[in-house]
Structure formats: C-alpha cells, structure tokens
Amino acid sequence: MARHGSVSGAAEGLHVTTSAVSQQLAKLERETGQQLLAKNGRGIRLTDAGRLLSDHAARILSQVELAQADLEAQRGHAVGELLLGAFPTAVRGLFPEALGRLRTEHPQLNVRLQEMEPDESVPSVVRGDIDLAVVLDWYNKPLPMPGGLVKAALLDDPVDVAMPADHPLAHRRAVEPEDFVDDEWVSWPKGGFCYDWLMVTLRGKGIEPRIRHTAHEHHTQLSLIAAGLGIAVVPRLGRGPVPEGVRMVPVSQPTMRRHIYAIWRADADRRPSIRAAVEVLRSVGEKIID
C-alpha cells in the first residue's frame, strides 16, 4: 500500500488478487491491534500507524539486504540470484554478450533480466524488486535519482542524425541540429523521457520541431526514414543494421550523447555479484565505443 497507493496497485505489484491483499491487511490490523487503513474518498490510505509500520518494515528489509550482502561478500565470489532491469536498446546492445560472460565467468550466479524503461526500473531498484538497473540520461537532461542508490558509469552513447539517403545533407561528414530547421521529425512517443529531451534540445537551439511520426523502437523509426518520411536522432547503442536508403551522419557536437550507467541500492554495495555485473557491463560498453 505504501509503495503503490492502493489495494489494486499493491495486488498488481505482488501478483495476487485484491481480495488476498485486503485479507492480509485485515489480518495485520488484528495482530497489531491498530487501525492501519482509513477511507480516503472512494479509496483508502494508510493511517499514521500504518505509515509507521511501513517505515519500520522498510528498515527491516534494508537490514535483510545488508545481511545478504555481507554473507555474499564473506564468500568472496558472485553467487546466488541477481535480478537485472534495463531499457530496450541496452538489452539489445549490451546484454547478449554481458550475460554470456557472466554465465561463463561466474557459473554459480543465476542472472535474470527484465526489459524495462528507467521510470519503471528505478523504483524497482528502490523497492528491492530488482538488484541492479541499467538506465540512461542525456547530457543536458539528467534522470532524477532517489536517495539511497549507488551508480556507476558504463559508457557514453553518441548519436547520429538518420536521414533518407537522398537528403541534401546525406553526404556531409557531420551535421548540427540547427541544419534541420525545415525538416519533419520521427521521434519517440510524446511524454517519454527521450521525447522530452529532444524537445528541450531543439527548442534550446531555436528550432520548433515538426514531429510527424513517433515510434518506441529505433529500428521502426529507421524504417519510416527509409521510406522518406522524416529524420531522427538515433543513438548508436543497440542500433542494429541500418536499412538501405538511410544515411547516418554524426552530430558534430561531442556533448550530444546519452549517459548509460548502472544503479543499485547502497545497502547492497558489498555484493560481489553486483560488482561482477558492473565490471562486465562496463567492459562490454568500452568495446562498443571503441
């Protein structure tokens, strides 16, 4: 309830029915002799007693995490289960090799990966639902980060402008965003972190972009560009083969890139499994940049 704000949200997060959550909350009230829930309009909220109990539970779970980290550190090598989350292009560009290396170099480590955007993976790390997340921000738009987390840089991901091969600038060695003031754009969907970055960046250069088409995946954006339907800023990580009819031209500004990094809870900082995962991810990232 404290994490999700509703019984239905808690049920979804726990993968159980709302009835099961309600029954457990009622049982907890009987055991504590306190009212833990109160009506709030059409919904319910935690009472002061409920919030107090939730805060104690968070500290208890943090101590459990510390105990697990200390036990793993005492063994001195990566063992057990490691739950990872990463955004789509990192899953495609980093993890096939990284997961293979972790399996070979740390055979007693059971790694599980989920594809998830940063707005989902960051709260999942905070809650302890996953152990480590690979997230991104942009050089001029940092990702808000809660307290109690540790982060490590993995790589900086340059971007190119993707355009139809017959575009007037397709044979340039480098371009600036200002060169495309009259073009139509293919972008990430409105409201997403990368869409907001594109708007901030182009408007900061005096460009009011005309967004004609949107798509989540870069290969879908490139297919639209191959059909002559616009241009796009496309990072290099996880890009894959460039379709025929699309020309990639580097952006001349060296700062125009994504920062890719790993995050985990500070109370798990001593876990060799997390250190092993970060080391492998960073090594794979360095090869991509080279």
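Aspartate 129 is partly exposed, at 34% relative accessibility, where buried means under 20% relative accessible area, exposed over 50% and partly exposed in between (1.4 Å probe, protein chains only). Its salt-bridge partner is arginine 127, with the closest N and O atoms 2.7 Å apart; here a salt bridge is a side-chain nitrogen of Lys or Arg within 4 Å of a carboxyl oxygen of Asp or Glu. Arginine 127 also counts as partly exposed, at 24%.

A word on what you're looking at. This is a predicted model, in which local features need pLDDT of at least 70 and side-chain atom pairs count only at pLDDT 80 or more, while totals for chains, interfaces and linings use all residues. Residues are numbered from 1 along each chain as its sequence is written, and side-chain values use heavy atoms, with hydrogens and water left out.

Back to the charges. Side chains of opposite charge can pair when their charged atoms come close. By the rule above, the count comes to 16 salt bridges. Take the one between arginine 92 and glutamate 217, at 3.5 Å from N to O. Arginine 92 lies in helix H4 and glutamate 217 in the loop between strand S8 (210–214) and helix H8 (218–226), so this pair ties together parts that are 125 residues apart in sequence. Helices (H or I, at least four residues) and strands (E, at least two) are DSSP runs, numbered from the N terminus. Both partners are partly exposed: arginine 92 has a relative accessible area of 35%, and glutamate 217 comes in at 23%.

Now follow aspartate 160, which forms a salt bridge with arginine 236, the closest N and O atoms being 2.9 Å apart. This pair links distant parts of the chain too, with aspartate 160 in strand S6 and arginine 236 in the loop between strand S9 (232–235) and strand S10 (246–250), 76 residues apart. Aspartate 160 is buried, with a relative accessible area of 5%, whereas arginine 236 is partly exposed at 39%. Salt bridges that share partners join Asp160, Arg236 and Arg239 into one network.

Next, the nonpolar interior. A nonpolar core is a set of buried Ala, Val, Leu, Ile, Met, Phe, Trp, Tyr and Cys residues joined through side-chain atoms within 4.5 Å. The largest one has 52 residues, of which Leu94, Leu132, Val134 and Ile260 touch the most other members. Elements that each supply at least two residues of this core include strand S3 (80–86), helix H5 (95–105), strand S5 (132–138) and strand S11 (257–265). Helix H9 gives the most, with seven residues. For a look from inside, pick leucine 94: leaving aside neighbours within four places in sequence, leucine 94 is in contact with residues including Val134, Leu155, Leu237, Ile260 and Leu281, contact meaning heavy atoms within 4.5 Å. A second, separate core of 11 residues includes Ile130, Leu149, Tyr261 and Ile263.

On to the open spaces. The largest pocket has a volume of about 1300 Å³. On a 1 Å grid over the protein atoms alone, a pocket is an open set of points where a 1.4 Å probe fits, with protein on both sides within 12 Å along at least five of seven lines, and lining residues have an atom within 4 Å of a point. Of the 37 residues that line the largest pocket, Met1, Arg3, His4, Leu14 and Leu61 are the closest to its centre. Helix H3 gives the most to this lining, with 10 residues. By class, the lining of the largest pocket has 18 nonpolar, 10 polar and nine charged residues.

The second largest pocket has a volume of about 420 Å³. Of its 20 lining residues, Glu117, Trp188, Gly192, Phe193 and Cys194 are the closest to its centre. H7 gives the most to that lining, with three residues.

In H1, Val7, Gly9, Ala10 and Ala11 are buried, and what covers the buried residues of H1 includes H2 and S2. After H1 comes histidine 15, whose phi is positive, near 60 degrees. Threonine 47 sits in the loop between strand S2 (43–46) and H3 and counts as buried at 11% relative accessibility. Not counting residues up to four places away in sequence, threonine 47 touches Gln35, Leu36, Leu37 and Ala38.

How values were computed:
Points joined across faces, edges and corners; volume = space filled by probe spheres on them. Nonpolar A, V, L, I, M, F, W, Y, C, P; charged D, E, K, R; others polar.
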